[in-house]
Amino acid sequence: SSGINAEYGYIGYSLKGMAQALVVTPSEHRFNVAVQLARYSYHERSVKVSLHATRLLTDISTTNTVSLYSALGSGTVPLAFAFVSRLRSRSEDVYIKSAILDFISAAVETQPSVTELFMAIERDGSLGENSCLHPVLEYVYRCASLPLVLVASVYKMLYKVWHYRHAAAISALRYTKVKWG
């Protein structure tokens, strides 16, 4: 697959090299690209800006060994809250939702601290209020009526959680009241 989406002009795999070149170590005198991309991912007036920023954050999280949580600093928690809110929104663009789920899938693989934040598993093993798994489980329940791009991202994320053995999330999913079939 070439990764080309005509509607949004995204050329998938060519951005990985650019993402590697853009990441800098945060310091007082240098521009922190990760923080700027996180800010652009909130952009609600242009779906394209938000979509590309989210996809670049995904590429940065998978191609670099630096912790995205530390690179984003205090902006990590608001980013997680905004992303989960967008996943819950009924009016949000399906490509944005798919890009957010792809970001979380990449985080499960390479960013454990970001994964913990998005999963929001409580001490008793239940899902926290801001867990990304709440909207994901709703999507599983409604998958017959969802666009295929979103269904694919949902199951990709669930597969990554299972494959990388995120025990707390798997345990929390086991005890939910969702029909899996």
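Mentor: Buried means under 20% relative accessible area, exposed over 50%, and partly exposed in between, using a 1.4 Å probe and protein chains only. This is a predicted model, where local features need pLDDT of at least 70, side-chain atom pairs count only at pLDDT 80 or more, and totals for chains, interfaces and linings use all residues. Residues are numbered from 1 along each chain as its sequence is written, and side-chain values use heavy atoms, leaving out hydrogens and water.

Trainee: Why is phenylalanine 103 called buried?

Mentor: Its relative accessible area is 1%, and the cut-off is under 20%, so phenylalanine 103 is buried. Phenylalanine 118, at 2%, counts as buried too.

Trainee: Why is the pair of tyrosine 159 and tryptophan 162 called tilted?

Mentor: Rings of Phe, Tyr and Trp (its six-membered ring) pair if their centres lie within 6.5 Å; planes under 30 degrees apart are stacked, over 60 edge-to-face, the rest tilted. Here the centres are 5.8 Å apart and the planes are at 45°, so the pair is tilted.

Trainee: How many aromatic pairs does this rule give?

Mentor: The count is 4. One of them joins phenylalanine 103 and phenylalanine 118, with 5.8 Å between centres and 70° between planes, an edge-to-face pair.

Trainee: Which residues form one aromatic cluster?

Mentor: Phe83, Phe103 and Phe118 form it.
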